[in-house]
Amino acid sequence: TFNINRNSTLSLSYGNHSRMLPWSYYNTKIYNDVNQTYSAPNEDLGFIRATHYTVMFNQNFANKIRLKIEPFYQYLYDVPVSTNPNSTFSMLNEEPDFYSEVMANTGEGRNYGIESTLEKFFDNQLFFILNGSVFNSEYKMNNGGLDEWFGTRYNTKFSGSFTTGKEWNLSNGRRLEAGGRLIYSKGMKFSQIDTNLSQETGRIIYQQTNPYSEQLKDYMRMDLRMAFRKNTEKRSWRLSLDIQNATNRENIRRPYYDRRQGNIGYDLQSSLVPALSYILDF
């Protein structure tokens, strides 16, 4: 870290990390029709590894406000990908689940962009954090097939959030709290769907030649919170109401094949969820 002046610093950082894969990847079972047995071809997969480079500029202002600007680059290697040259299946695009893919640690990935944060530390019973990131997320197979860089499922290009909270001191040790969070992101990516093959197999089938070229609608969610707290010498209690997705926005999680309708449908994420809680401390 370098001190530019009294209120400004510049930091450089580097990291090299490795991570064990989810258990389901190692436990993949492949059925052999000839001898009618199962094999576990992925049980010897190695760790996924990543190298990180970051530059951070930090500027402090009056009223406990800070601006942070952070360009970053991340290179991933030894990424498990399908050994089938006609497949573009990479662990970087998948949620932990059971898959019928034979994999090897030949894939690559890279994430790079810039992140900015404007933050007011808790002062005068108020805080806020405004954050935004512009980035690119790509992956490569190296399995003898389409060995070029593609955008990942998470290559939304932009995401941002705003979080704030405020407190009011009332009489006799009572306190009122209010806060909220707004999250916004461009839509997740998905591959073109082979409608005819999906209808034939009864499950969603994606085209492999141009992966993650389609995009879902933008994601947005607002969460709100209200709480009332009472403090005494021997105990305190708090009654709070949290409302997730307060606007009841229909955010799409992913497409799926609807067998009843015979067409493509879309899974939705959680709708409006209120949660009332009471906490007693003594």
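Predicted model: local features only at pLDDT ≥ 70, side-chain atom pairs only at ≥ 80, totals over all residues.
Figure 1. Residues are numbered from 1 along each chain as its sequence is written, and side-chain values use heavy atoms, with hydrogens and water left out.

**Figure 2. Secondary structure and overall extent.** The protein has two helices and 18 strands, where helices (H or I, at least four residues) and strands (E, at least two) are DSSP runs numbered from the N terminus. The radius of gyration of the protein, taken over C-alpha atoms, is 24 Å, well over the 19 Å given for 282 residues by the globule rule (2.2 Å times the number of residues to the power 0.38), so the protein is more spread out than a compact globule. Along its principal axes, the C-alpha trace spans about 80 × 55 × 35 Å. Of the contacts (heavy atoms within 4.5 Å) between residues at least 6 apart in sequence, 62% join residues at least 24 apart.

**Figure 3. The aromatic pair of Tyr73 and Tyr112.** Across the whole structure there are 10 aromatic pairs, a pair being rings of Phe, Tyr or Trp (its six-membered ring) with centres within 6.5 Å, counted as stacked with planes under 30 degrees apart, edge-to-face over 60 and tilted for the rest. One of them is the stacked pair of Tyr73 and Tyr112, at 6.2 Å centre to centre and with 25° between the planes. Tyr73 belongs to strand β6 (residues 65-82) and Tyr112 to strand β7 (residues 103-123), so this pair ties together parts that are 39 residues apart in sequence. Tyr73 is partly exposed at 32% relative accessibility, and Tyr112 is also partly exposed, with a relative accessible area of 31%.

**Figure 4. The stacked rings of Tyr75 and Tyr77****.** The ring centres of Tyr75 and Tyr77 lie 5.8 Å apart with their planes at 15°, so the pair counts as stacked. Tyr75 is partly exposed at 25% relative accessibility, and Tyr77 is partly exposed with a relative accessible area of 24%.

Key: Buried < 20%, exposed > 50% of the residue type's maximum accessible area, 1.4 Å probe, protein only.
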